[in-house]
2 protein chains.
Amino acid sequence: MELSERKIKILKAVIKNYLETGEPVGSRTISKYTDLKLSSATIRNEMADLEEMGYIVQPHTSAGRIPTDKGYRLYVDDMLAEKTRVLEDKETQLKEKESDIMSLEDELNKKVDKVETLLQGVAKMLAKDTNYATMISAPQVTGNKLKFVQLSALEDNNILVVIVMGGNLIRNKVVKITEEINQETILKLNILLNSTLTGLTLEEMNMKIISAMENQAGSHAALVREVVDAIVETINGEDNLKIYTSGATNIFKYPELSDSSKATELINALEEKNELTDIISATQTSDSQDGEIKVYIGNESPVDSMKDCSVVTATYELSDGMKGTIGIIGPKRMDYDKVVEKLKDIQSQLDNKFKKNKREES
Amino acid sequence: MELSERKIKILKAVIKNYLETGEPVGSRTISKYTDLKLSSATIRNEMADLEEMGYIVQPHTSAGRIPTDKGYRLYVDDMLAEKTRVLEDKETQLKEKESDIMSLEDELNKKVDKVETLLQGVAKMLAKDTNYATMISAPQVTGNKLKFVQLSALEDNNILVVIVMGGNLIRNKVVKITEEINQETILKLNILLNSTLTGLTLEEMNMKIISAMENQAGSHAALVREVVDAIVETINGEDNLKIYTSGATNIFKYPELSDSSKATELINALEEKNELTDIISATQTSDSQDGEIKVYIGNESPVDSMKDCSVVTATYELSDGMKGTIGIIGPKRMDYDKVVEKLKDIQSQLDNKFKKNKREES
DNA sequence: GTTAGCACTCAATATAACGGAGTGCTAATA
DNA sequence: TATTAGCACTCCGTTATATTGAGTGCTAAC
C-alpha cells in the first residue's frame, strides 16, 4: 500500500493532535480538525490503513490512535525538511529571533567569567523554557593547542603546574618532587617547556620532542615528564567531559514518564551523567553537517534508559574546533518544532558568545 | 500525665517497629514484640495515653499508630545519648570500624588527586550504602591564608592570575588589562603582591594594606585591585560552596515520598543545590561541638522542601579550620542508628584522609 | 492494675453496573 | 469507485455496593 498525500495529511493531523493533548485521537476529531472535508467514516478507513502500515496504533480496541516511533519519525523528518526549506528566506528567521529568546539573551549577557556557570545557566533556562530535561556538555578540546605552561615552587617540594590551553582553558596540578629545586632551575625549566611545547597540539607532542626535552632537563627529567603527563591529562582528561543538566523533574509533567520505575531510571541517568556521554558521542561522531540538529525517537536513543523518550541534540562549535553538545530529553510527544527552534537559537547565540570572547582575546 | 518508664518502652517499640515496616503498628504487635508481658488491651490503654501526649497518632480510626515528630525526636535524642554513653568503651567502636566500611576505605584509597572527584565518590557510595539521598559540601575556607599568588602575561593584554590558598586550594582568573605591560613589570608586581599578601587571611587584608600596595604599584594600581578582588572572590566566592549530591532517586524507595509532587520538590532541591546551603549553615553555625551529629526531623529541617523528610548532618573538619558538611536526606522513618554510624565513620575517615594529605605536604 | 470479650469503625479490596468514546462493518449514496 | 450514514460491538474508566480484616475503645470480670 502506498502512502497517499491524504494519508500523510491525516497522519500529521493525528500526531499534531496527540502532541497537544497526549490523548489517543479518534476519527471524529480528525474529521473536524483538518481542512480536508471528510467524514469520520472515511478517516476511519484511512486510519485503519495507516495502522496496517505501522504509523499509528490503538492502545486498545475502541480507543483512538497514537503514533508509533515510525510515525513520529516521518513527522519529524518532514518537519526538519520543511525547516531547511524555509531557511532560504531569512526574514522569518530573524523575526523569531527577536521575539522569542530574550531570556537567553539576558542569561548570556550576565557577567559570567566562568564557562561553567554560563553553561549551567543555559541548561537551566532551557529547561524552564521548554519544560523538558536538558543537558549541555562543556566544549571538548580536540586539536586544541597549548598556549602557556608555568611551574612555580610552593613550599615543601611541591611544584605548582599551571597549564593554559587555547580558549583560555586553564588547569592546575600540584606535583610533589623528591629532589630540592631552586628558583633558577625552575626558571630554566619554564623557558624550556614553553619554547618546546607552546603552540603544539597533543598529537604534535610526540616522543621525540619529549625525550629531547627530558635530555635537556637533565636531573629534572622526571619533573618534566610529570608536567607533560599533566598536559596530556588536561587535554584528554575526563574533566573536560563535564556535563551540566537541569530540569530533571520536568519529566513528572508527562504521565507516561512519571511512574516511579521509569522516573528513577531517567533521573538517575541525568544525575550520574556518565551515560550521557553516549548521547554526546553519537551526536558528534556521526556525519553531522555544520550545526545539524538530531532527533532520537524512542529506541533510536543512544542511551537505553531513554527508550521511552525522545532526545533532541545539537552541537555548538567554537572557532578553534572545540565542540560541545546540547541535548533536550522529553517524552516522545514533545513539541519537536519548538525544541528544534530553541536549539537553533541557542546554538547561534553560543556561537556568537564564544566567537565574541575569542575576538576580544585575539 | 507523666511519661512512665513503661510508656517509653512501648513508644520505642512502636517506633522501632514502624521504622522497619513502614506500616502503622497495632497493640497486638507490641504485645508480642516487647519483652514486657502485657496483653494487647493494656498496651491499647498506654497507647491511648501516648497519643494524648502527642507522641503517636492514628492515620485514621481503627488503624495502628505511627510516630509524630515529637515521638521521633524523643527516640532520636535517646539514641544519640545512648551512643555517647557507649562511646566510653572504645572496644565496640573499633569492632564496627573494621567490619563495616571497607567500601569507603576502598573509595578513599583510589588515586584521586581532585577533591571534587573524591567528594562525589563519597556521596555516591554513601547513597548506595544507605539507600537515602546524600549531599556533601566541599570544605569552606574561612580563615584560610593566602599561600602564593602569581601573575603571568598571556597574549593580547590578558593576565593570568593564579592564587594558591592553604590546603593547596588553587584558583585561576584571567584579567583583561588596557595598558601594555612588560615582563619586568609583572615580575615586580609578583614580588609586591607576594611580599604584601602572602600569609594573610581575608580579614587581615584591610584597606590600609591594599591601598599602600596600590600606591606602590603606580600605574598598575587597577590591575592590583583586580587581583585583590580575585583573591577575595576565591575565598568568599560561591565556587567554594560547591555541593555534591547523589542518590536522589532513592526517595522512590519510600512510598510516603514517592508521589510526584513531593518527589519533584525534593529532587529539585537536590538538583538546584542552592537550598542545600541552608542545611550547611544550620549545621555549622549552631553551637556544634566537635564533630557532633545533627538530626532534623520533619519541620525542624532548615529547608522547606524537606518537611516530610529527616535530615541527618555531620561536619568534617580539616586541620586548618576548613569545614565541610555531609548530609543524608531520607524519610522520617529512616534508620537513624545506621545513618549516624555511617556518618561517624565517614567523618573520621575524611578527617584522616585530609590530615594525611596535610602531613604529606608539610 | 490487668485482661478477656465484644461491638464498632474504616481503609482496602473485590464485584458489579453503567456510560461513553471510538471502532469496524455494512449498506446506501454520489 | 470513493464516500458516507448508521449500527452493533468493544472496552476503558467511573461509580456504586459488598466484603473483609486489622485495629480500636469500652465494659465487665479477674
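In what order do the five strands of the open sheet in chain A run? Select them in the viewer: the order is E7-E3-E10-E9-E8, and the pairing is antiparallel. Strands (E, at least two residues) and helices (H or I, at least four) are DSSP runs, numbered from the N terminus. Two strands pair if DSSP finds at least two bridges between them.

This is a predicted model, in which local features need pLDDT of at least 70, side-chain atom pairs count only at pLDDT 80 or more, and totals for chains, interfaces and linings use all residues. Residues are numbered from 1 along each chain as its sequence is written, while chains are lettered from A and ligands numbered from 1 in the order in which they are written.

**The sheet in chain A**

Next, select strand E3 (residues 133-137) of chain A, which runs antiparallel to E7(A) and is joined to it by four bridges. Ser137(A) lies opposite Ile243(A) in E7(A).

**Two helices in chain B**

Move to chain B and show helix H1 (residues 5-21) and helix H3 (residues 40-52). Their axes are 10 Å apart and the helices pack at an angle of about 90°. The axes are lines fitted to C-alpha atoms over the stretch in contact, and angles run from 0 to 180 degrees between N-to-C directions. H1(B) and H3(B) are therefore roughly perpendicular (65 to 115 degrees).

Show side chains here. From H1(B), Arg6(B), Lys7(B), Ile10(B) and Leu11(B) meet Ile43(B), Glu46(B), Met47(B), Asp49(B) and Leu50(B) of H3(B). Five of the contact residues are nonpolar, none polar and four charged. Nonpolar covers Ala, Val, Leu, Ile, Met, Phe, Trp, Tyr, Cys and Pro; charged covers Asp, Glu, Lys and Arg; the others, Gly among them, are polar.

**Where the chains meet**

Display both chains. How many residues of chain B are in contact with chain A? There are 26, touching 26 residues of chain A; contact requires C-beta atoms, placed from the backbone, within 7 Å. On chain B, select strands E4 (146-153), E5 (158-165) and E6 (169-176) and helix H12 (260-272), each supplying at least two residues of this side. H12(B) gives the largest share, six residues.

Finally, superpose chain B on chain A: a rotation of 180° with 0.1 Å of shift along its axis does this, with RMSD 0.3 Å. The two copies are thus related as by a two-fold rotation axis.

Conventions:
Parallel < 35°, antiparallel > 145°, perpendicular 65-115°, else oblique. Contact = placed C-beta atoms within 7 Å. Least-squares fit on C-alpha atoms with pLDDT ≥ 70 in both.
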